[in-house]
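Student: Hi, could you walk me through this structure? I'd like to take it one piece at a time.

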Amino acid sequence: MKIGIDLGGSHIAIGVVNNLGRIQEKIEKRILPKEKNNIKNVIEEYIITNVKNFTSKYQITELGMAVPGTIEGKKIKRSVNLNLENYNLVEILEEKLELPIIIKNDAKCAAIAEHKYGCLKDYDRTLFLTLGTGIGGAVIINNKLLDTGEYPGCEIGHMIIEKDGIECNCGKKGCFEKYASMKTLKNNLRKVLNVSEKTRGEELFEIIRNNSKENPNYEEIEKIIKEYITNLSIGITNLVNIFEPEAVGIGGSFVFFEEVLLQRLKNEILNSNLLFNKREEFNIRTAILGNDAGIIGATIN
Ligand SMILES: [Zn+2]
């Protein structure tokens, strides 16, 4: 058995995973705002205590970690969500826990988990995108993550889809995630509806679902959805034209909007004349492992 750790922007989840990819036992905690000042200690203490507890109960051979950010070698080079830079967490934990540790970007972990056990399990060549605050993902060819050498690679969210476009946190302009992340969609909807920044995803989903011509905001909401779908399909078809995956999977908070977005996205991809190789059907599906994808994917080599 292995231990998978999902280190999120606001939580830490640790699970014992068997060799069929099933979680046997799991424990998690929220990272409180006041703990952010002391984040390294909080992370290290929580992991060390709970992993030791699990290793006393189970025969553990390896530990895997999913981290939101850029991983170089075994080091967390940068994680904006956790406000960490050049953090050698693996080295610290290896010393204390005496277990081999692997570490990967969280979107890549989700991609591997969905590829092996989730929505993409019937295919050898897949593309997976996480649409949330930003856009992450991975390309899997013949059941292996695309090897990008010494650089992390697969920076799907930072593919440029508009020259001199909206400025991105990465310092470039026109990045895909500034147009097609769920954060962008939600913020654009909040703006046009003139509602608070705190309006939750569930409410926005209902607004889209119930949008009808009787609604005074009908046109504006439609325009935002249409623009979002167009931008998302541009990014996805660029990748499809390059890699020709058998299936595309989408995770992140997009999953909660599946009912109002997925079919429109599929139609746009098939009918917008962006695909180099035309086809009648396009295989696109949403993630099914939910919050467990990080833990499970962290344990897959
Ligand atoms: Zn960018």
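**Helix contacts and a metal site**

Tutor: Happy to! Keep in mind that this is a predicted model. Let's start with two helices: in α7, Glu222, Ile225, Lys226, Tyr228, Ile229, Thr230, Leu232, Ser233, Ile236 and Thr237 meet Leu261, Arg264, Leu265, Glu268 and Ile269 of α8.

Student: What's that contact of α7 with α8 like by class?

Tutor: It has eight nonpolar residues, along with three polar and four charged ones.

Student: And at what angle do α7 and α8 pack?

Tutor: The angle is about 55°, and the axes of α7 (residues 218–243) and α8 (residues 258–271) are 9 Å apart. That angle is why α7 counts as oblique to α8. The crossing of α7 past α8 is right-handed.

Student: Switching topic, which residues are the protein donors of the zinc ion?

Tutor: They are His158, through ND1, and Cys168, Cys170 and Cys175, each through SG. These atoms lie 2.0 to 2.4 Å from the zinc ion.

Student: How are the donors of the zinc ion spaced along the chain?

Tutor: They follow the spacing H-x9-C-x1-C-x4-C.

Student: What about the angles among the four donor atoms?

Tutor: Those are 106 to 118°, and the site is tetrahedral. For four tetrahedral donors, the ideal is 109.5 degrees.

Student: Back to helices: how do α1 and α2 pack?

Tutor: Helix α1 (residues 39–57) and helix α2 (residues 89–97) pack at about 35°, with axes 11 Å apart. Their crossing is right-handed.

Student: Which residues meet there, in α1 and α2?

Tutor: Ile43, Glu44, Ile47, Ile48, Val51 and Lys52 of α1 meet Leu89, Ile92, Leu93, Lys96 and Leu97 of α2. By class, that contact has eight nonpolar, no polar and three charged residues.

Note on methods
Residues numbered from 1 in each chain as written. Predicted model: local features only at pLDDT ≥ 70, side-chain atom pairs only at ≥ 80, totals over all residues. Heavy atoms only, no water. Axes fitted to C-alpha atoms, helices over the stretch in contact; angles between N-to-C directions. Helix = DSSP H or I, 4+ residues; strand = E, 2+ residues; numbered from the N terminus. Parallel < 35°, antiparallel > 145°, perpendicular 65-115°, else oblique. Left-handed = near helix turned anticlockwise from the far one by under 90°. Contact = heavy atoms within 4.5 Å. Nonpolar A, V, L, I, M, F, W, Y, C, P; charged D, E, K, R; others polar. Donors = N, O, S within 2.8 Å, 3.2 Å for Na, K, Ca; no water. Tetrahedral: all angles 85-135°; square planar, octahedral: opposite > 155°, others 65-115°.
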